[in-house]
Each structure stands twice: as C-alpha cells, then as structure tokens.
Amino acid sequence: MCTRYNTTTRAKYKGVTLGTFIQSSEQLSQAIAAQVASVSITDIHTHLFPQAFGELMSSGADDLINYHYLVAEALLDNRISKEYFWSLENSERADLIWQRLFVDQRPISEATRGIVTVLNRLGLATKDIKLSELREYFEETSKEQMIDTTLSLANVRDVVMTNDPLDEVESHLWINDKFRQLTSDKRFHRALRLDQILNDWENSKVKLVNRGYQVDGDLDTPNQRTLAVEELSRFLTEWITRMDPLYLAASVPSTFTYPASDLQTFLLDEVVMPVARRHNLTIAIMAGTKRQINPDLKLAGDSVASTDVGAVENLARNNPNNRFLVTLLSLEDQHRLTVVARKFSNIMIFGCWWFLNTPSLIEKITTMRLELLGPNFIAQHSDARVLEQLIYKWSHSRATITKALQSQYSLLFDENWAITEGDIEKDVTALFRGNFWNFIKRDPKS
Ligand code: FIX
Ligand code: ZN
C-alpha cells in the first residue's frame with residue numbers, strides 16, 4: 001500500500017512542473033482502467049471485410065456460432081460424427097453447436113463466453129436466450145448498421161484485414177473494382193498476405209503463370225531464376241499498388257527456419273524483402289502454426305508447435321533495413337521472442353495470437369512484455385473472423401490487459417515515481433494503436 005504523498009513532494013522528486021499527479025494506488029488503478037476502457041483501437045490483424053467484399057464479409061448469428069473455435073469445442077463430443085456434422089446446413093450446424101455448448105453445458109470457455117458477451121453487449125437478455133432470438137436481431141439489422149454498432153461497442157477505430165491476392169474470390173473482386181469500392185470504407189485497411197507464395201510455391205506458381213507471370217522456370221538456372229524474381233516482384237508491386245496495404249504478412253509453420261537453403265529463404269531474400277524495402281512496407285511474420293493436424297475439422301483442424309525463434313533473430317539482423325511485426329503462436333516461445341525483441345529496433349511484437357488469446361495467457365504474456373520491453377509492443381489484435389466478435393475479443397482483452405498494467409504501474413507508483421493520468425493515456429494509446437502506426441511509418445489519417 002503506497003503512502004499518500006502530496007503533489008509538491010512528487011513534483012520536487014521528479015523535478016517537473018505540477019500536474020494532476022495521481023495520489024493513491026486506488027486512483028492509479030481507476031485511471032488505468034478508465035484509459036484502457038476508453039482508448040480507441042487499431043486492430044492490426046483480422047479476417048474481417050466490409051460489406052463491399054460481399055460474401056467475404058462474415059457477420060450474424062450463424063457465422064458467430066459456426067466460428068471454428070466453437071466447431072472444435074462442439075466436436076469434442078465423440079457422439080457427433082464429423083461426416084454428419086459437415087453434411088448439415090450452416091444453420092443446422094449452428095443449432096447443434098448451440099445445443100452442445102450453450103444448453104447441454106455452461107459456456108465457460110473463452111470462445112463460448114465470448115458469444116455471451118456479444119449477446120449481453122447487444123442488449124439481448126442472456127437469461128435462457130434462444131439462438132432464434134439472436135437470428136431475429138440480425139434479421140432486423142442491416143450490415144452497415146452492424147458495422148457501425150460493432151465498431152462503436154468495441155471502440156475500434158481501424159480494422160486491418162487479411163487480403164490474399166491469390167485467393168480466387170478476393171482477387172476477382174479487386175481486379176474488377178473499377179470504382180474503388182473495396183477501399184471506400186476508410187475504417188478498413190489492407191494487409192497483403194503471402195502465405196500461398198511462401199508456403200505453397202508449386203500451386204502458387206500455377207496460379208501466377210495462369211495470370212501471365214513468367215515464374216514457371218527452373219529456379220536452378222540463373223537466367224530463369226532472375227526472370228522469376230522479376231516477375232514475382234512485378235506481381236507483388238502490382239498488388240501493392242492496387243491494395244495499398246499497411247503491411248505485407250505471412251504465417252509460417254513451426255518448421256520455419258531462416259536463413260535456410262530452401263525456396264522460402266530464396267523468395268524472402270530475393271523478392272519479398274527487397275519489394276518491402278522499395279515500398280517502405282513492414283513485414284508481419286506469424287510463426288508457429290501446425291496446420292491441419294486433424295483435417296476432419298477443416299479450418300478448426302490447425303494446431304500449434306514451438307518454432308525456431310532464431311529465425312526471427314536472423315531475419316532482423318540480416319535485414320536491418322526491413323521492419324518486422326512478429327507474433328508467435330506457441331506459449332513456450334514467448335519469453336525468447338521478447339528477449340530477441342529487446343535486441344532489435346526493427347522488430348515489434350504484436351498480440352496474443354489465437355490459442356494464446358485467453359485471459360490467463362494474455363495477463364502472463366503482457367506482464368512479461370511490460371517487464372522486459374516497457375510499453376514498446378502492440379498489446380493485442382483480435383484475429384476476428386466474424387464482425388461481432390470484435391465486441392467480445394476487445395472487451396475481454398481490455399479487462400485482462402488492464403490488470404497487467406495496474407500491477408506494473410503500482411510497482412512504479414510505490415517507488416514514488418510521479419504519474420499523471422496523461423502519462424497513462426500516452427502509454428495506453430501507444431500499446432493499443434500508436435506503436436503500430438509509428439512502427440509501420442504510416443499516418444492513420446492517410
Ligand atoms: O494465420 C492466421 O491468420 C490465423 O489467425 C488463422 O489461420 C486462424 O484460423 C485464426 O483465425 C486464428 O484466430
Ligand atoms: Zn489470423
């Protein structure tokens with residue numbers, strides 16, 4: 001318990017002009033809670049789309065309940081055959097998931113509790129609510145209204161999408177976007193996703209050749225390799241011009257190493273990183289996935305494995321003129337990643353990704369990052385796939401990150417460091433959006 005010091009003592013101690021210095025640990029906790037609750041957020045990684053993207057925009061009751069996190073949890077019931085489950089319509093699958101996770105048992109997992117938070121924040125009574133009532137709510141609400149309502153309730157100012165130029169549906173929309181509709185909602189920003197190119201070159205090559213890029217040469221012969229580099233660089237440059245992405249992004253498997261004498265390193269070194277430098281673009285590396293350990297679960301079938309954090313170290317050291325946003329999926333890799341991030345100003349850690357996005361792990365990881373980095377990382381991203389998930393993902397994360405900040409600042413306060421509410425606002429704004437925009441060297445108003 002910190003004894004009360006008057007402002008003169010604190011001002012003299014810190015040698016600064018008087019401000020409204022916080023006087024007690026209770027006031028400190030309240031100030032932190034208020035600042036985290038009210039900070040407007042840049043959500044730097046999501047799978048969301050605005051309405052202009054048509055079928056790619058995911059929103060509403062059945063999409064919320066069919067979230068792959070909930071699919072995995074529902075199919076833990078070995079009485080439900082995967083074949084039967086996937087034979088159902090979307091709404092029938094939602095009925096089954098609802099019954100299994102919200103009626104037969106209590107929704108106390110992070111993903112099920114999230115649905116309850118959404119219901120609650122939308123003002124839908126959570127006592128004995130039926131899925132049909134949630135469906136009715138969405139039937140009575142337009143997509144535009146849902147975007148406005150969701151961003152307001154979640155207090156999210158900017159949403160960064162995941163945009164795959166090799167996705168047939170999405171690329172078709174971009175190529176036909178004569179009136180720039182896809183970039184008309186300025187709250188939604190682009191991230192150009194490179195997974196297919198970096199992780200599945202053989203299939204990507206076919207798509208690229210079909211689109212007129214001469215990349216099918218034998219990369220072992222120098223002149224064909226040079227042509228492939230030029231053509232893939234041309235492809236990326238055309239899509240950077242078309243999409244105006246905030247950053248380039250790739251998730252890589254837990255087996256990712258760098259540098260390696262493999263195609264991934266070749267593509268990174270000869271194409272991706274030079275193109276990123278030419279366009280002053282940051283690269284987001286998301287490592288540690290173990291995709292499809294159970295294909296019967298489809299999108300829910302991915303898992304996690306520890307990855308070579310040395311690859312992140314080497315990327316940053318070998319490419320000092322590239323900037324890297326980094327998030328790792330495995331809990332056991334978090335400490336080493338945080339130490340590595342202390343060593344390189346061209347690394348910025350972000351978020352508690354996917355299986356780490358739970359209150360107990362967010363608090364543990366965020367406290368460690370504050371202890372080792374100070375407020376120099378990006379506290380969280382939602383990874384939302386369905387629009388209304390923003391409501392719960394940010395509500396839950398704000399509550400947990402508040403606790404980590406309160407414990408860290410109280411240690412400082414107890415040593416008589418003078419703190420004002422304005423100081424807290426600066427640090428909280430940095431953690432929830434400022435660090436991102438500064439690191440990618442972009443103006444949020446651009
Ligand atoms: O690679 C990614 O962007 C992952 O976030 C997704 O593949 C994953 O399915 C997801 O949505 C996790 O939250
Ligand atoms: Zn994601």
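Which side chain meets Asp-62 in a salt bridge? The views below of this predicted model take up that pair and others.

**View 1. Asp-62 pairs with Arg-135.** The two side chains meet in a salt bridge, 2.7 Å from N to O. Asp-62 sits in helix H3, residues 61-65. Arg-135 sits in helix H8, residues 131-139. The partners come from separate helices, so the bridge ties together parts that are 73 residues apart in sequence. Both Asp-62 and Arg-135 are buried. Side chains of opposite charge can pair when their charged atoms come close.

**View 2. Arg-135 also pairs with Asp-95.** This salt bridge spans 3.0 Å, N to O. Asp-95 belongs to helix H6, residues 90-103, and Arg-135 to helix H8, so the pair links parts that are 40 residues apart in sequence. Arg-135 has a relative accessible area of 19%. That value is under 20%, so Arg-135 counts as buried. Asp-95 is partly exposed, at 37%.

**View 3. Three residues form one network.** Salt bridges that share partners join Asp-62, Asp-95 and Arg-135. Arg-135 meets Asp-62 and Asp-95.

**View 4. Arg-79 pairs with Asp-77.** Their side chains meet in a salt bridge of 2.6 Å, N to O. Asp-77 is buried, with a relative accessible area of 7%.

**View 5. The salt bridges as a set.** The structure holds 19 salt bridges. Among them are Asp-62 with Arg-135, Arg-135 with Asp-95, and Arg-79 with Asp-77.

How values were computed. Residues are numbered from 1 along each chain as its sequence is written. Chains are lettered from A and ligands numbered from 1 in the order in which they are written. This is a predicted model: local features need pLDDT of at least 70, side-chain atom pairs count only at pLDDT 80 or more; totals for chains, interfaces and linings use all residues. Side-chain values use heavy atoms; hydrogens and water are left out. A salt bridge is a side-chain nitrogen of Lys or Arg within 4 Å of a carboxyl oxygen of Asp or Glu. Helices (H or I, at least four residues) and strands (E, at least two) are DSSP runs, numbered from the N terminus. Buried means under 20% relative accessible area, exposed over 50%, partly exposed in between (1.4 Å probe, protein chains only).
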